[in-house]
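Welcome! Please take a moment with the sequence and the 3D view before reading on.

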Amino acid sequence: MLNDDTRKKLENIIGGIVLEGQEDYCIATRNFLCQRFGTSTTVKKNFEGLSAIKEEQIILLKEYATQTSGWAQNIPDENLFLARGGESQVYLDKDRRHVIKLNDGNYYATWLEFFNSILIHNLLF
């Protein structure tokens, strides 16, 4: 069972509410998208129809990453490749303690849906 704080955070993520007081880059990027695009709880019903929005989000995300120095500087070498799943390629970081996941976003209708998914996963697990 979820406590009230976790339940409220989930409601805010799903509702497209900007998460205040958060310093995490993932949350900041998600908030950036929330200010420009609505969150949909029925996004799967119109997956292909949302491709234009996803393309618009790509342009904005590239600008945002440039403005906030959010571009990954060191993409892992192929010799550090660990596995490929349905949506990600997983690499061992050079520090050999962390992994880096490169996600192509193919399982998500929009990039806002992608960032919401990460935040929900991090909140629950």
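Here is a short briefing on this chain, from its overall layout down to a few single residues.

This is a predicted model, in which local features need pLDDT of at least 70 and side-chain atom pairs count only at pLDDT 80 or more, while totals for chains, interfaces and linings use all residues. Residues are numbered from 1 along each chain as its sequence is written, and side-chain values use heavy atoms, leaving out hydrogens and water.

**Overall layout**

- The protein chain has four helices and three strands; helices (H or I, at least four residues) and strands (E, at least two) are DSSP runs, numbered from the N terminus.
- Reading from the N terminus, the elements follow the order α-α-α-β-β-β-α.
- The C-alpha trace spans about 40 × 35 × 30 Å along its principal axes.
- Of the 125 residues in the protein chain, 32% are buried; buried means under 20% relative accessible area, exposed over 50%, and partly exposed in between, using a 1.4 Å probe and protein chains only.
- Among contacts with a separation of 6 or more, 49% join residues 24 or more positions apart, where contact means heavy atoms within 4.5 Å.

**Helix 1 and its surroundings**

- Helix 1 covers residues 4-14, and its buried residues are Thr6, Leu10, Asn12 and Ile13.
- Seen down the helix axis, these buried residues fall within an arc of 160°, so they line one face of helix 1; the arc is that of the directions from the helix axis to the C-beta atoms.
- Helix 2 (25-34) and helix 4 (111-124) are included in what covers those buried residues.
- At the N-terminal end, Asn3 caps helix 1, with a side-chain oxygen 3.1 Å from the backbone nitrogen of Asp5.
- After helix 1 comes Gly16, which has a positive phi, near 75°.

**How helix 4 packs against helix 1**

- The axes of helix 1 and helix 4 are 10 Å apart, at an angle of about 175°; axes are lines fitted to C-alpha atoms, for helices over the stretch in contact, and angles run from 0 to 180 degrees between N-to-C directions.
- That makes the two helices, helix 1 and helix 4, roughly antiparallel (angles under 35 degrees count as roughly parallel, over 145 as roughly antiparallel, 65 to 115 as roughly perpendicular and the rest as oblique).
- On the helix 1 side, Thr6, Lys9, Leu10, Ile13 and Ile14 meet Asn116, Leu119, Ile120, Leu123 and Leu124 of helix 4.
- The residues of this contact divide into seven nonpolar, two polar and one charged; Ala, Val, Leu, Ile, Met, Phe, Trp, Tyr, Cys and Pro count as nonpolar, Asp, Glu, Lys and Arg as charged, and the others, Gly among them, as polar.

**How helix 4 packs against helix 3**

- Helix 3 (residues 51-67) and helix 4 have axes that come within 8 Å and cross at roughly 70°.
- Helix 3 and helix 4 are therefore roughly perpendicular to each other.
- Lys54, Gln57, Ile58 and Leu61 of helix 3 make the contact with Trp111, Leu112 and Phe115 of helix 4.
- Five nonpolar residues, one polar and one charged make up this contact.

**Two residues to look up**

- Glu113 lies in helix 4 and is buried, with a relative accessible area of 17%.
- The side chain of Glu113 reaches the backbone nitrogen of Ala109 at 2.9 Å.
- Phe81 sits in strand 1 (residues 81-84) and counts as partly exposed, at 35% relative accessibility.
- Leaving aside neighbours within four places in sequence, Phe81 is in contact with Gln89, Val90 and Tyr91.
- Phe81 and Asn31 are 50 residues apart along the chain, and their C-alpha atoms are separated by 31 Å.

Notes:
A polar contact is a pair of N or O atoms within 3.5 Å; within protein, one must be able to donate a hydrogen and the other to accept it, and residues adjacent in sequence count only if both atoms are side-chain atoms.
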